[in-house]
Amino acid sequence: MSSYQFNTLQVEQTGDNVYHVQLNRPDKRNSIDDDMWKEIPQCFDSLGTDSSCRVIILSGAGKMFCSGIDLSVLAMLHDPNQEVARRAIAMRIAVKKFQDTFTSIEKCPKPVIASIHGGCIGAGSIDMTSACDIRLCSQDAFFSIKEVDMGLAADVGTLQRFPKIVGNDSLVRELVYTARNFSATEAKDIGFVSSVHADAKTLTDASIKLATNIASKSPVAITGSKINMNYSRDHSVDEGLNYIANWNMSMLQSEDLMTSVQAAMTKTPPKYKDL
Ligand SMILES: CC/C=C\C=C\CC(=O)SCCNC(=O)CCNC(=O)[C@H](O)C(C)(C)COP(=O)(O)OP(=O)(O)OC[C@H]1O[C@@H](n2cnc3c(N)ncnc32)[C@H](O)[C@@H]1OP(=O)(O)O
C-alpha cells in the first residue's frame, strides 16, 4: 500500500523512482473540490522531498482528466453576509491559495508529466497542466479555457503560464476569449502537448516510458535543469546565466558527473544515488 493517503488523490509508485498521482473523483469528473485544492500541494510538497521519487506522472481517473473547479466551490466563494472590503480580502486569500495549489506542481523539484485523456476543462485544464513540465495526451483529449463562460478572468495560472508555453499571443487570446474546445491535434500543433497517443492505455504506457527514461538520469542534473529552466523563464538571459553559474559552482562537483563520464567511457549504463 502507498504511504501517500489522500481523499481525492491516488498515489502509487510505478516502477523505479517514478510515482503516479491520479486525480481520483471519477464520479465527479475529477472536479477540484476543497479537499483536492488542499491535497495537491500536500502531495507535491511531499513527493518533492521524497528521495525515492525522481519523476511524477499526473493523470485523471475514469472518463476524463479533470472538469475544473467543483462548481459548488465556485458558488460558495460569495459570502453575502460580509461587507465589501472584508469580502474582497477573503476572496484574495482564497485566490492566492488556489494559485499556490498549482504553483506547488511547478515548484516541485521533480519533473511532472501531465498525462491527459478526455476532458481537460477550466482550472483542471490549462491552469493545472501549464504548471507541469511536460504534457502528453490521448487522441480523445479536448481542452477548454472555460473561465470566461463562468463569468471570470482565469486567475490560477493560465494567463501567466500558457502564453509562455504556446508563444502565439493571437491564438491564446482567441482561446481565452471564446472558451471554445480545442482538440488534441490542435494542442499538439500549437506546442502545448509534446505528443498525442491513440488511447488512454497507450498514453499511460508512453507516459511511464518517458518518466522511466528521465528517472534513469542523474537526479542532480534533472532537478538542477528544472529549477534553472523555471528561473530562466521569468528572468533575463543574463540573470539566468548568472543563476546557473552559481548553481553549478557546487553541482558540477557532484559525484553524478564522474559517474556519467565513467559510464560514457566504459559504455555501461550509469547508476545514480537517490537525492
Ligand atoms: C477563484 C476561482 C478559481 C478557479 C476557477 C476555475 C474556473 C473553472 O474551472 S471553469 C470550469 C468549470 N467546469 C465546468 O464548467 C464543467 C462542468 N461540467 C461539464 O460540463 C460536464 O459535466 C462534463 C465535464 C463535460 C462531463 O460530462 P459527462 O461526462 O456527461 O458527465 P456529467 O453527467 O455531466 O457529470 C457527471 C457528474 O460529475 C459532476 N460534475 C462534472 N463536472 C463538475 C464540476 N466542475 N463541478 C461539480 N460537479 C461536476 C456532474 O454534476 C455529475 O454529478 P452527478 O452527481 O452524477 O449528477
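Helices (H or I, at least four residues) and strands (E, at least two) are DSSP runs, numbered from the N terminus, and the legends below use these numbers for a predicted model.

**Figure 1. Overall view of the predicted model, with its eleven helices and nine strands.** Taken along the principal axes, the C-alpha atoms of the protein fill a box of roughly 70 × 40 × 40 Å. The radius of gyration of the protein is 20 Å, which agrees with the value near 19 Å that a compact globule of 275 residues would have. Of these 275 residues, 39% count as buried. Where contacts join residues at least 6 apart in sequence, 72% of them link residues at least 24 apart.

Figure 2. The protein is divided into domain 1, which covers residues 9–215, and domain 2, which covers residues 219–266. The centres of domain 1 and domain 2, taken over C-alpha atoms, are separated by 27 Å.

**Figure 3. The shell of 20 residues around the ligand.** Within this shell, S31, S67, G68, G122 and A123 come nearest to the ligand. Helix 3, residues 84–107, supplies at least two residues of the shell, and so does strand 5, residues 119–121. Sorted by class, the shell has eight nonpolar, seven charged and five polar residues.

**Figure 4. Strand 6 and its parallel pairing with strand 4 and with strand 9.** Strand 6 runs over residues 134–138 and is mostly covered, with four of its five residues buried. Strand 4, residues 112–116, pairs with strand 6 in the parallel sense over four bridges, and in this pairing I116 stands opposite C137 of strand 6. Strand 9, residues 195–197, also pairs with strand 6 in the parallel sense, here over three bridges, and L136 stands opposite S195 of strand 9.

**Figure 5. An open sheet of three strands in the order 5-7-8.** The pairing in this sheet is mixed. Strand 5 and strand 8, the latter spanning residues 182–183, stand at the edges with a single partner strand each, so one side of each is left without a neighbour in the sheet. Strand 7, residues 142–144, pairs with strand 8 in the antiparallel sense over two bridges. In strand 8, S183 stands opposite F142. Strand 5, seen here at an edge of the sheet, is also one of the elements that supply at least two residues of the shell around the ligand.

Figure 6. N17 counts as buried because 22 C-beta neighbours lie inside 10 Å, while the threshold for a buried residue is 20 or more.

**Figure 7. A61 in the loop between strand 3 and helix 2.** Strand 3 spans residues 55–60 and helix 2 spans residues 71–76, and the place of A61 is in the loop that lies between them. A61 has 16 other C-beta atoms within 10 Å and is therefore partly exposed. Leaving aside residues up to four places away in sequence, A61 touches Q10, Q22, L23, N24, P26 and N30. A61 and N30, which are 31 residues apart in sequence, have their C-alpha atoms 7.3 Å apart in space.

**Figure 8. Q5 in the segment before strand 1.** Strand 1 covers residues 9–13, and Q5 is found in the segment before this strand. Q5 is exposed, since 10 other C-beta atoms lie within 10 Å, whereas the limit for an exposed residue is 12 or fewer. Along the chain Q5 and E39 are 34 residues apart, and their C-alpha atoms are separated by 9.7 Å.

Key: Residues numbered from 1 in each chain as written. Predicted model: local features only at pLDDT ≥ 70, side-chain atom pairs only at ≥ 80, totals over all residues. Pairing = 2+ DSSP bridges. Domains from an automatic or database assignment. Near = placed C-beta within 6 Å. Nonpolar A, V, L, I, M, F, W, Y, C, P; charged D, E, K, R; others polar. Rg over C-alpha atoms; globule rule 2.2 N^0.38 Å. Contact = placed C-beta atoms within 7 Å.
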